Amino acid sequence: MHTSESSRASEGKGVGLGLALVSALAFGGSGVAAKPLIEAGLDPLHVVWLRVAGAALVMLPLAVRHRALLRSRPALLAGFGLLGVAGVQAFYFASISRIPVGVALLVEYLAPALVLGWVRFVQRRPVTRAAALGVVLAVGGLACVVEVWSGLSFDALGLLLALGAACCQVGYFVLSDQGSDSGEVPDPLGVIAYGLLVGTAVLTVVARPWTMDFSVLAQRADMNGTPVAAGLLLGWIVLIATVLAYVTGVVSVRRLSPAIAGVVACLEAVVATVLAWVLLGEHLSAPQIVGGAVVLLGAFIAQSSTPAKGSLEPVATGGAESRLSTRENAA
């Protein structure tokens, strides 16, 4: 009996790991698919709106199923929609219109380090030496990625926009911690569905999609010299890089621990950088590649070193897209 249970647990972890890899791969391809659309003439905010609104429509049945969340966790839904969906993605897509996809995503991986800064200097709570080391590594690695010795080789506004995406993640992490000590964690699929709906509402006001040039979607976008149907790229962004990525991310965390899922999530930046290199011709130098590895290492150390009990362990964690995870209920 014990052997059978152990076998099932091992199989469950294997499935969870596979789903986490699928999620990281799916999330990592969003920027590569979005950038040709932006370069074809769509405003970054319009691409974000199309992505969020399309995903919200697909996940609408889940919103109906979990409609009780509107009464029980309205602040959480508003925070995830405003920061984790609209804010992160708007800043990220705006940043990749000015700087390479891989650089933008690596800047965004400062979020775990920034969360610890909030814990230490705003909440005035102590952090471990390992966490402090993670922050130092992440910042040092980022200095290599942006090549500070050459006076910042990338567009300064693009870097600030990527940093804005990281700050939006921090804001949602902090918001998610409010009231989490009760142990009553809402179903993350419901949070995703309503977050997408809230994000769509916010982005509709900000992006004004009625001013969009929809004819671009019927044309072909240039992907480093290769023409690709714009509609195909949009379908990938909505169905694969959003719906599939979120759902597989949630299910994987239910089979793995948040810490392990967080490690796998770091592959998102690697996937995005490699895809941008191959498909968009966005090459990074050797120091930038080394710096990117250091950023990911620092982000992982900073995230895994945050105290588990009563800490900023959010319902949404990790990556450019704020994928959702769950907290283990206290016994």
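Biologist: What is the handedness of the crossing of helix 7 and helix 14?
Modeller: A crossing is left-handed if the near helix is turned anticlockwise from the far one by less than a right angle, and right-handed if clockwise. Helix 7 and helix 14 cross in the left-handed sense. This is a predicted model, in which local features need pLDDT of at least 70, side-chain atom pairs count only at pLDDT 80 or more, and totals for chains, interfaces and linings use all residues. Residues are numbered from 1 along each chain as its sequence is written, and side-chain values use heavy atoms, with hydrogens and water left out.

Biologist: At what angle do helix 7 and helix 14 pack?
Modeller: Axes are lines fitted to C-alpha atoms, for helices over the stretch in contact, and angles run from 0 to 180 degrees between N-to-C directions. Helices here are DSSP runs (H or I, at least four residues), numbered from the N terminus. For helix 7 (residues 101-108) and helix 14 (residues 267-280) the angle is about 165 degrees, and the axes are 8 Å apart. Angles over 145 degrees count as roughly antiparallel, and helix 7 and helix 14 are therefore roughly antiparallel.

Biologist: Which residues in helix 7 and helix 14 meet?
Modeller: Contact means heavy atoms within 4.5 Å. V101, G102, L105 and L106 of helix 7 meet E268, A269, A272, T273, A276 and L280 of helix 14.

How values were computed: Helices (H or I, at least four residues) and strands (E, at least two) are DSSP runs, numbered from the N terminus. Angles under 35 degrees count as roughly parallel, over 145 as roughly antiparallel, 65 to 115 as roughly perpendicular and the rest as oblique.
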